[in-house]
2 protein chains.
Amino acid sequence: MACACSPKTERCIESLIAVFQKYAGKDGYNYTLSKTEFLSFMNTELATFTKYQKDPSVLDRMMKKLDTNSDGQLDFSEFLNLIGGLAMACHDSFLKAVSSQKRT
Amino acid sequence: MACACSPKTERCIESLIAVFQKYAGKDGYNYTLSKTEFLSFMNTELATFTKYQKDPSVLDRMMKKLDTNSDGQLDFSEFLNLIGGLAMACHDSFLKAVSSQKRT
């Protein structure tokens, strides 16, 4: 197990696994996120992304899009696609901001 | 920017972007990891994975496999594939350990 002295990236990988297991273990099968567990995860762990989102169907559509094998659950690989997609979106915003600063 | 009071997952996404930018900014083009930057990242940030790795060609082969567009650099999307791959490997080991515990 990574300790506080471990490099940040190792702690981050461990933290992604731990948070997935925490929410996946709330109900039903322990190793996947049900719709309820996914909503709980999104509204707690990604609150900055969801707090301005007034339309609940957005999260429904996200769950459907992430659930690539359409079993109504998100496994860890599908969950990582969510994290990767959000990280890419944040990184792209950063690159756009840098590029627009350079133009001014 | 996420603060210490932000949920762990948001801090983790921010940390992945920050660590990529830190190593990508060491030499040459600031928004990709060169081979030297990749090795520096691996040996510092993923030291637990690399410290028992005596064969340097393993990291060379990893870089080639991750560099899907073969430009000799890793962009953020290719970097995320590395993080996702390691997280999947750790999670799979966990599932195997749980399953073997259940059998005993």
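**View 1. Where chain B meets chain A.** The contact (heavy atoms within 4.5 Å) draws 34 residues from chain B and 34 residues from chain A. This is a predicted model, so local features need pLDDT of at least 70 and side-chain atom pairs count only at pLDDT 80 or more, while totals for chains, interfaces and linings use all residues. Residues are numbered from 1 along each chain as its sequence is written, chains are lettered from A and ligands numbered from 1 in the order written, and side-chain values use heavy atoms, leaving out hydrogens and water.

**View 2. The area buried between the chains.** About 2,800 Å² is buried between chain B and chain A, with carbon and sulfur atoms giving 72% of that. Buried area is the accessible area (1.4 Å probe) that two parts lose on being put together, summed over both. Look for B:Thr9, B:Ile13 and B:Tyr31: they supply 20% of the area that chain B buries against chain A, more than any other three residues.

**View 3. Side chains from two helices.** A:Leu16, A:Ile17, A:Val19 and A:Phe20 in helix 1 of chain A meet A:Phe76, A:Phe79, A:Leu80 and A:Ile83 in helix 5 of chain A (helices are DSSP runs, H or I, of at least four residues, numbered from the N terminus).
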